[in-house]
Amino acid sequence: MQLTQKHNEYWHKNLVVTGILLLVWFIVTFVEAWFARELNGITFFGFPLGFYMSAQGSLAIYVIIIGVYAWYMTKLDKEYGVDEGDLE
Amino acid sequence: MNQATSHSAFKSQLKKYYTFYAGGFIGFVILLAIAEQMGMSKQWIGYWFLFATIGLYAGIGIMSRTSEVSEYYVAGRRVPAFFNGMATGADWMSAASFIGMAGTLFLGGFDGLAWVMGWTGGYCLVALFLAPYLRKFGQFTIPDFLAERYGGNIVRSIGVVSAITCSFVYVVAQIYGVGLITSRFTGLEFGVGVFVGLGGILVCSMLGGMKAVTWTQVAQYIILIIAYLTPVVWLGTKHTGIPIPQIAYGYTLQKVGDLEKKINADPKELEVRKIFTDRAAAGKAALADPDKSYAAGKTKLEEGLTAAKASNNATQVASAEKALAGYPKDVAAAKAAWTRDTGLAGRAAPVRPHAQPFPGATEAAQNTARLNFIGIVFCMMFGTAALPHILMRYYTTPSVQEARVSVFWSLFFIFLLYFTAPCLAVLAKFDMYTNLVGSSFASLPAWAAAWAKVDPGLLNITDFNGDGIVQWAEVVIGGDLIVLATPEIAGLPYVVSGLVAAGGLAAALSTADGLLLTIANALSHDLYYKMIDPSASTTKRVTLSKVLLIFVAGTAAYVTSLKPGDILFLVGAAFSLAASAFPPLVMGVFWKRANKWGAITGMAAGLAICVYYMVTRYPFFGINMPLWFGLSPVSAGMFGLPLGVVTIGIVSLLTAPPSKEVQELVEHVRYPHLKGDAVVSEAR
C-alpha cells in the first residue's frame, strides 16, 4: 500500500528513539570500558565505579533501554494507528 | 470466544501450570533434603536429580508432540512475551554461562567482565534492530528473511552455511557440558552421560519441535535460576548479612582488596613465589644442555645418599633414598619435568587486584589489554545479535508488540544470572582468602580437602615451602570449581550440590535443544523445501526435520566424544563468525537501497576476513603472523563487521537498486500493522 505522511513520521520517530537509545548503549558500554581505570577512582556503595558498571550498572541499563523502547513503541504504534489491535 | 480472550485465557492457564510446577520442584528438593538427613547416599541424590529432571523434560516433550508445520517450526506463534523471555533465557544460557562464567570472573577479575557485558548488551541490538522486524516478517528461519529480502538462493545458502557452522560449534560445547555434569554427579561414564542427556534432548525436540522445546525451556529456566541463586544467596548472607548479596558485595570487594595487599606483602607468600622463580630458572638452565644436567643431577643425589649412609643417620638415608627414587627415569622424563618447572614462572607473579582493569607492565601493554577487552565485548554483542537460535525465538510471539516486550523479559531473566556471577566470584574469593589461606595442611576446610582429592585439575594445593600452612601461591584453581563447590563452601547439604548439577544440566540441555532445532530446520526448511523440492508436502517436511535432528545430534555427539580441545576459543570463534551476518540483517530493514550483490559480497567479505585472521593468527594453526593492533584472533569480528557494512554500502550503490516488491517488503516489516497486512502474515 501507499505510505502516507503519517507513516513516514512514525518511522522517523522510531529512528530517533532507536538512535538515542543506541547512544546510551554506546556510552555505558564502550565509553565506560575505555575509561574504566579512571572510573575506578570513584567509589559507589563500596564498589570501584568502573568495576561496578561493568559488573552490574551497565547490565541494568541495558534492561532499562529495552524496556523503554518496548514501552515507547507500543505508545507510538497506537498514536499512529499502526498497532495490531487486540485481535491477536 | 474471540482471539483476545482465548489468548489471555491461555496466558493465565500457563501461569497456573508453571507456578504449580515451580512449587512442585521446590517440594521435590525439600523431600530429597529430608531423605538426605535420613541417610540417602550422595550417588542416589545425583540419580534422582538426573532422572527426575530428564524425565520431566521428556514428559513435556511427549505432551507437546506435533506434526503441524507452524507448531513445529514456531510453536504456533502464540508464546506470550513473558514465557518467551524465560525460554530465550534458557536457550541463551549455556553450560559455559552456568558453570564457567563465575570461574572466569574469579580467575580473571575485571577482565572477565567483558563476557558479561558482551552477552547481555547484545540484546539491546536484538531489541532495537531485529526482533520486531523479524516478527513482522513472520516466517520460519533467519535464512528465510535474507532470501526474501535480497532474493535468490545464493544469499540463502550463505545464511544456511553460517547458521549451521556457528550452531554446530556451539552445540558440541553443550553436549560436552552434559557429559561432564552427568558423569561427575552420578558416576556414570562420560560417554554414557552424553547419551543419556542426548536422549532427553531428542525426545523433547523431535516429538514437538519448537513447541515442545519452548515449554521445556521455560521449565529448564525455572530450575536453573533456582539452582544458581540458592547457594549464592546463602553464601552472601553469611558474608554480608544481607540476603541480596548482589547489592551488598561492594564492601566484600573492598575487604578482598585489602586481603590481596596483605597476601602480596606476606613474607611466606614471597618465599613460595621465590621458589617458583628459582625452579623456573633452574629448569630453563637445565634445558639448555639436558644430557649433562641429567647426569649431574643424578650424581649429586647419589653422592648425597653415600654421604648419608656414611653418617649413619637413618632419617637422612631415608630422605636421600626417596629423593633418588623420585628422580626422573631418563633424560626425556627429566626434560618434561624441567619444562613443567619453567611454567612455574607464571605463578611467581603477585596477586592482581580483583577490581583492577587492564593488566600490563607498561602504559602500552595496558592499552592493548583495554583494546582486547573492548574487542571481546564488541564481538560477543554483535555475535549475540546474529545467533539464529536466539533470533528464531522472536518468530514465536503472537505479535510485534509482544516480540519487543519479550526481548525485555529475555534480558531481564538473563540479567538475573549474569549480575549474580560477578558477586559469586568475589564472595568465593573472600571465603578462600580468609578460610583457606593460612589454614594448616593437616586441617584444610572440608570442601577443599574433598575437591583436591576428587579432581586435582579443579583444585590443587601443594605445600611448596614445607611450612605446613597454605599460602595463596600454593593453590591452583580450575574455573569450574567455583560454581560446583559453592554449596559446600557455603556449608550447605549435598542436596544443594545435586540441585546445582541439575541446573547446569538444564542450562546445557536447553541450549542444545535450541541449537539442534536450528540446524535441523535450516537443513529441512531452507535447503530441502526452499531450494530442492518446493512442492514437498508439510508432513514430509516435518518428518524430514525430525530425521535430520537425530542425524545431527548423533554427529554432534560423535564429535564431542573426540573431546576437541579449546572449547572457549571455538565458542568465541562462533560468535565472531555469526557477527558477519549482522550487517545484512539490519541493513535489510534500515536501508532500502541495500541489494542482493551488496549482501552477498558483504557477507562473504566479512566471513573471509574473520576466517583469514583467525587461521593466520590463532596458535593452533601454527602460522602465527603478527597481530593487527595487538588484537587477539577471538575478536576477528572487529574487522569482519565494519568491512561487511562498508562492502554492502559500496557494492549496493554501484549496482541496481532492489525491485519494487522488495522495497514494499521493507516497508511492510517496518510497521507492526498496515491496512491489508493480515492476509500476508497469516496466510503462511
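In this predicted model, helix α1 (residues 5-34) of chain A packs against α6(B) at an angle of about 170°, with the two axes 11 Å apart. Axes here are lines fitted to C-alpha atoms, for helices over the stretch in contact, and angles run from 0 to 180 degrees between N-to-C directions. With angles over 145 degrees counted as roughly antiparallel, α1(A) and α6(B) therefore fall into that class. On the α1(A) side the contact is made by A:Thr18, A:Leu21, A:Leu22, A:Trp25 and A:Thr29, and α6(B) puts in B:Met117, B:Gly121, B:Cys124 and B:Leu128. Six of these residues are nonpolar, three are polar and none is charged.

Zooming out, 47 residues of chain B are in contact with 42 residues of chain A, a contact being two C-beta atoms, placed from the backbone, within 7 Å. On the chain B side, the elements giving two or more residues are α1 (3-37), α6 (113-137), α10 (245-265), α15 (363-384), α17 (400-418) and α27 (660-670). The largest share, 10 residues, comes from α17(B). By class, this side of chain B splits into 31 nonpolar, 11 polar and five charged residues.

As for α17(B) itself, 16 of its 19 residues are buried (20 or more other C-beta atoms within 10 Å of their own), so the helix is largely enclosed by the rest of the structure.

Residues are numbered from 1 along each chain as its sequence is written, and chains are lettered from A in the order in which they are written. Local features need pLDDT of at least 70, side-chain atom pairs count only at pLDDT 80 or more, and totals for chains, interfaces and linings use all residues.

Notes. Helix = DSSP H or I, 4+ residues; strand = E, 2+ residues; numbered from the N terminus. Nonpolar A, V, L, I, M, F, W, Y, C, P; charged D, E, K, R; others polar. Buried ≥ 20, exposed ≤ 12 C-beta atoms within 10 Å, placed from the backbone. Parallel < 35°, antiparallel > 145°, perpendicular 65-115°, else oblique.
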